[in-house]
Amino acid sequence: MPGVMPGDVGAGVDARCRCRSVSIVALGTEREAAAGSAGQPGLVRSYLRGSGLVAELGSPAPSRLRARILGGVPLEVHECPRWDIFDSDWYTSRSLIGGADIIVIKYSVNDKTLFQEIKDSYVPMIKKALNHCSIPVIISAIGARKNLPCTCPLCTSDRGSCVTTSEGLQLAKEFGATYLELHTLNDFYIQKYFGGVLEYFMIQSLNQKSSEKMKKRKKTQKCHRVQPPQLEQPEKLPILKGEASHYDSDMHNLLFCCQCADVAFYSEDFSKVMEAHKVILCSVSQVFMLLFNVKSPADVHDSSIVRTAQSLFAVDTGARLLVPCGATEPSPPARVIVKDSVFCSCLLDILHFIYSGACQWERLEEDIKKKLKDSEKTEHVLEKVKCILKTPGKLNNLRDGSSHQIKQLYNTSLRLFFNTPVLADVIFTIQGATVPAHRAVLVARCEVMAAMFNASILQAMSLLICAEMYQVMRLQHICELYIITQLQSMPSRELATTSLSIVSLLKKAKFHNSDCLSTWLLHFIATNYLIFSQKPEFQDLSVEERNFVEMHRWPSNMYLKQLAEYRNYIHSQKCHCAVM
């Protein structure tokens, strides 16, 4: 740090730093090997003399110097002019370097032999002793060079006579050190040049020690005092994973379970082929809208669509095609005759394509090719499908249509039938307002609706409980009739193997004041006494209920007794005849 004055840097020392000490290790000598100025003080001693030397302790190698600098900061210098201390006492030299705050390496610029020895032998030892510690190192090249080497690249005779500046800088670079050249040991070079740099590093060392002491003190105080509560970071919110759409699989299941089907396709020989749903077919094709009277020929401004409907299908006029919204019982499925036998043979694959949203054209092509194994018939069927899916007013000239191109041919959307009475077979009444809907869509997309429209005995009992809770007496009576009708239709073999607990139904009916159903269930158990008496649930009947069942059981005890006597009689007669 050239130009830094000792007084200037001393003014910047904090009062907390004055109680700390600084340790310097000075290695090497500024004298040449054959120098005759042995009485002249060295670099560090000259600096301390100007700052006020206090005491010299210890033997000559290494010698210990103590002084006070920077307004009273204790300074201790370990001066080792001879490098052989690293050879004779490695432990001591390593301890010295490890405990130093600043290291000063000195050499004469006119003693290249010693410089080379320092570079090759002792610098690696110093690095090893430092063990990657960040201790400031000052490399001081002292003296005026004699016999300056020629800079001509062809002259090599006098290059080894002294240490060049570039060699000193290279050594400092290897150390990460500060490089100083002091041509003479006068007051300027010692106090202002060398002293300014040394005092800069001493202040840095004192500040670092003060900072470490403060951190240690705060840590100690922190351990002994009551700490304020630490607010932890809130837990990360759970990640909501999006669920993939089940639309395709729901529609596929609707097609194959045939629940709420209102269309039945037949071949020309009147054999049933497949059942389907009007609302799904009409959402895809104008042909089906014509077929089921959703639209009239006048509404479809495309004669090819009318011709396709008339040439490909025929509707059995004996069956009602439309289901009134207020009907209590659904109409039987509309009977549609498929006039084209080849098309009819591929109807299942075609319907699967339609129910998938008409977006799997390549799969439809592949399936029809495998089934027909005839290119002409395959092309014929695919053209018919394109005609069915055609949008009015658009040309159907795609012979090799991809899924994307096929989807451009028509408007496929169930939204056309949302909140409209067209083809609706369900009406929801909500606060006086009516909302028409379609059973097929509700059943496909909602498991609760599917259960409601395909009600089992247990579901009917659940509905009965709700009806009793809200005092909807007519609904309660309808549920009772449904349960009774379903149980009456069950054959004896099914009653014997079913997991349905009739006794459990009886207890629920009694608890929810369904007197009609509970009385009927008691008679039902009594009538099927031979079946229910063998089931574990029979033991759950109360004494009163069991007495009722025993009294009304079928067959009665009297009949069974008479039957046993008759069998004994017949058996005795057979035995008598055998003897005779």
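The model is predicted: local features need pLDDT of at least 70, side-chain atom pairs count only at pLDDT 80 or more, and totals for chains, interfaces and linings use all residues. Residues are numbered from 1 along each chain as its sequence is written, and side-chain values use heavy atoms, with hydrogens and water left out. Helices (H or I, at least four residues) and strands (E, at least two) are DSSP runs, numbered from the N terminus.

**Sheet**

- Four strands form an open sheet in the order β9-β8-β11-β10, and the pairing is mixed. Two strands pair if DSSP finds at least two bridges between them.
- The edges are β9 (272–276) and β10 (313–315), each of which pairs on one side only.
- On average, neighbouring strands of this sheet are turned by 25° against each other, direction ignored. Axes are lines fitted to C-alpha atoms, for helices over the stretch in contact, and angles run from 0 to 180 degrees between N-to-C directions.
- Strand β8 (residues 263–266) pairs with β9 in the antiparallel sense, over 4 bridges. Tyr266 has Lys272 in β9 as its bridge partner.

**Helix pair**

- Two packed helices are described by the angle between their axes and the distance between the axes.
- Helix α5 (residues 112–130) packs with helix α6 (residues 165–175) at about 10°, and the axes are 11 Å apart. That angle makes α5 roughly parallel to α6. The cut-offs are under 35 degrees for roughly parallel, over 145 for roughly antiparallel and 65 to 115 for roughly perpendicular, with the rest oblique.
- From α5, the contact (heavy atoms within 4.5 Å) is made by Lys112, Phe115, Lys119, Val123, Ile126, Lys127 and Leu130. From α6 come Glu167, Gly168, Leu171, Glu174 and Phe175.
- By class, the α5 contact with α6 has 6 nonpolar, 1 polar and 5 charged residues. Ala, Val, Leu, Ile, Met, Phe, Trp, Tyr, Cys and Pro count as nonpolar, Asp, Glu, Lys and Arg as charged, and the others, Gly among them, as polar.

**Salt bridges**

- Side chains of opposite charge can pair when their charged atoms come close.
- The whole structure holds 17 salt bridges. Each is a side-chain nitrogen of Lys or Arg within 4 Å of a carboxyl oxygen of Asp or Glu.
- Arg335 bridges to Asp316, with the closest N and O atoms 2.7 Å apart. The pair links distant parts of the chain, 19 residues apart: Arg335 is in strand β11 (residues 334–338), and Asp316 is in the loop between β10 and β11.
- Arg335 is partly exposed at 26% relative accessible area, and Asp316 is partly exposed at 28%. Buried means under 20% relative accessible area, exposed over 50%, partly exposed in between (1.4 Å probe, protein chains only).
- Asp349 and Lys371 form a salt bridge at 3.0 Å, N to O. This pair also links distant parts of the chain, 22 residues apart: Asp349 sits in helix α13 (residues 347–355), Lys371 in helix α14 (residues 361–372).
- Asp349 counts as buried at 16% relative accessibility. Lys371 counts as partly exposed at 40%.
- Glu550 pairs with Arg553, the closest N and O atoms being 3.8 Å apart. Glu550 is partly exposed at 29%, whereas Arg553 is buried at 10%.
- A network of salt bridges links Glu30, Arg45, Glu79 and Lys106.

**Pro74**

- Pro74 belongs to strand β4 (residues 73–80). Its relative accessible area is 25%, so Pro74 is partly exposed.
- Pro74 and Ser21 are 53 residues apart along the chain, yet their C-alpha atoms are separated by 4.7 Å.
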